[in-house]
Amino acid sequence: MEHSLRRELEIIHEIPLYWSFVEKWAQVETFQARPDDLLISTYPKSGTTWISEIVDMIYNDGNVEKCKRDAIFNRVPFMEMSGPGFPSGTEQLATMPSPRLVKTHLPTQLLPVSFWEQDCKMIYLARNAKDVAVSYYHFYQMAKAHPDPGTWAEFLGKFMAGKVAYGSWYDHVKGWWEKKKAYRILYLFYEDMKEDPKREIEKVIQFLGKELKENVMNKILHHTSFQEMKKNPTVNYEMMPTWAMDHSVSPFMRKGISGDWKNYFTVAQNEIFDAHYKEQMEGSRLGCRMEI
Ligand code: PPS
């Protein structure tokens with residue numbers, strides 16, 4: 001597998017992406033969504049695994065054993081994923097019974113059109129750019145599908161320029177924010193979930209048109225807490241082979257907090273970032289909290 005690791009990103013429709021995803025791009029473009037699919041969409045490192053586990057718990061009425069039936073990447077297949085040694089996301093999804101949960105990190109313009117045509121429900125989870133950059137930097141180090149991130153300063157520059165996998169964070173969050181006006185998208189924030197997970201899970205339940213008893217809610221809250229997820233092998237990515245993800249470099253379930261960026265950004269980096277952020281987000285009503 002060595003040849004497939006740490007390769008430079010390729011560009012597909014102007015977005016940098018892993019070479020192995022690009023190679024099978026036709027399968028992604030022609031992917032057939034079903035009307036009862038639920039799409040979970042995020043920019044990488046925004047809490048995808050967290051919201052995925054919450055939704056699977058809701059679908060399974062808070063039954064922890066059912067949610068431990070398989071690794072999260074098999075219960076909620078990663079649609080555009082493909083690479084040596086793994087079944088592709090589209091192949092996994094093709095054989096999966098409905099209702100399916102589908103993970104993607106694609107920006108709106110790259111999402112297969114069938115999702116829009118079928119008017120699927122979608123949950124978008126955004127996380128503040130500074131914490132995403134820090135989390136992504138660590139993920140680049142441990143997940144070897146990525147090119148070498150270089151130093152933190154180098155990586156931050158690439159992140160701001162959109163020269164990382166999935167491109168610009170700014171365009172991603174703004175693109176999905178716009179789509180929400182016309183499609184069935186529940187737009188959530190990681191910081192809100194940290195602040196009051198019960199309130200945010202209630203929004204999800206309502207959006208899905210479900211009703212859950214109080215004891216089920218309590219089970220979901222407990223089971224999807226960072227501490228529980230960190231030690232749960234079905235969600236902490238320890239079921240991935242170590243040649244693909246090396247948790248001894250940095251664990252997938254790293255810190256799970258808001259505001260960790262303060263431990264990485266220098267004062268100068270923060271000033272430059274804030275000025276650039278203002279420019280990039282100009283005219284958008286979308287607001288992310290940098291801490292809670
Ligand atoms: S990926 O690879 O893009 O799918 O990663 P993703 O799951 O989106 O993001 C990983 C970050 O989410 C944190 N995480 C959580 N935070 C709070 N509570 C829970 N339950 C939780 N589960 C995962 C995870 O620790 C990563 O963030 P960092 O900042 O690196 O710790």
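I count as helices the DSSP runs of H or I with at least four residues and as strands the runs of E with at least two, numbered from the N terminus. I am working on a predicted model, in which local features need pLDDT of at least 70 and side-chain atom pairs count only at pLDDT 80 or more, while totals for chains, interfaces and linings use all residues. Residues are numbered from 1 along each chain as its sequence is written, and side-chain values use heavy atoms, with hydrogens and water left out.

**Entry 1. Backbone geometry**

I looked up Glu 14 and placed it in the loop between strand S1 (10-12) and strand S2 (15-17). Its phi is near 75°, a positive value in a residue other than glycine. I take buried as under 20% relative accessible area, exposed as over 50% and partly exposed as in between, with a 1.4 Å probe and protein chains only. Glu 14 counts as exposed because its relative accessibility is 74%.

I then turned to Tyr 237, which is not a glycine but has a positive phi of about 70°. Tyr 237 sits in the loop between H14 and H15, and it counts as buried because its relative accessibility is 7%.

I also noted a cis peptide bond between Ser 98 and Pro 99, with omega at about 0°. Pro 99 belongs to the loop between helix H6 (89-94) and strand S4 (101-104).

**Entry 2. The ligand site**

Which residues are closest to the ligand? I found 22 residues around the ligand, with Thr 48, Thr 49, Ser 135, Tyr 190 and Lys 255 as the closest.

I sorted the shell by class and recorded eight nonpolar, nine polar and five charged residues. In this scheme Ala, Val, Leu, Ile, Met, Phe, Trp, Tyr, Cys and Pro are nonpolar, Asp, Glu, Lys and Arg are charged, and the others, Gly among them, are polar. Helix H3 (48-59), helix H8 (129-142) and helix H14 (226-231) each supply at least two residues of the shell. H3 gives the most, with three residues.

For polar contacts I use pairs of N or O atoms within 3.5 Å; within protein, one must be able to donate a hydrogen and the other to accept it, and residues adjacent in sequence count only if both atoms are side-chain atoms. A polar side-chain atom of Thr 49 lies 2.5 Å from an oxygen atom of the ligand. A backbone N or O atom of Lys 255 is 2.7 Å from a ligand oxygen atom. A polar backbone atom of Thr 224 lies 2.9 Å from a nitrogen atom of the ligand. The ligand on its own has 650 Å² of accessible area, of which the protein covers 98%; such areas come from the Shrake-Rupley method with a 1.4 Å probe, and for residues only the protein chains shown count as cover.

**Entry 3. The cavity**

Grid points are joined across faces, edges and corners, and a volume is the space filled by probe spheres set on the points.

How many cavities of 30 Å³ or more does the structure hold? I found one. About 40 Å³ of space lies in the largest cavity. Its lining consists of Thr 48, Thr 49, Ser 52, Ile 72, Phe 73, Val 76, Lys 103 and Tyr 237. By class, I recorded four nonpolar, three polar and one charged residues in this lining. H3 and helix H5 (72-75) each supply at least two of the lining residues, and H3 gives the most, with three.

I checked Glu 200, which lies in helix H12 (residues 197-207). Glu 200 counts as buried because its relative accessibility is 1%. Its side chain is joined to that of Arg 199 by a polar contact of 2.7 Å.

I located Asp 260 in the loop between H14 and helix H15 (267-281). Asp 260 counts as buried because its relative accessibility is 2%. Its side chain makes a polar contact of 3.0 Å with the side chain of Arg 254.

In helix H10 (residues 169-179) I listed buried residues, including Trp 169, Tyr 170, His 172 and Trp 176. At the start of H10, a side-chain oxygen of Ser 168 reaches to within 3.2 Å of the backbone nitrogen of Tyr 170.

I placed Leu 221 in helix H13 (residues 214-223). Leu 221 counts as partly exposed because its relative accessibility is 24%. Its C-alpha atom is separated by 6.9 Å from that of Lys 198, 23 residues apart along the chain.

Key: Near = heavy atom within 4 Å. 1 Å grid on protein atoms, 1.4 Å probe; cavity = no way out; pocket = protein on both sides within 12 Å on 5 of 7 lines; lining within 4 Å.
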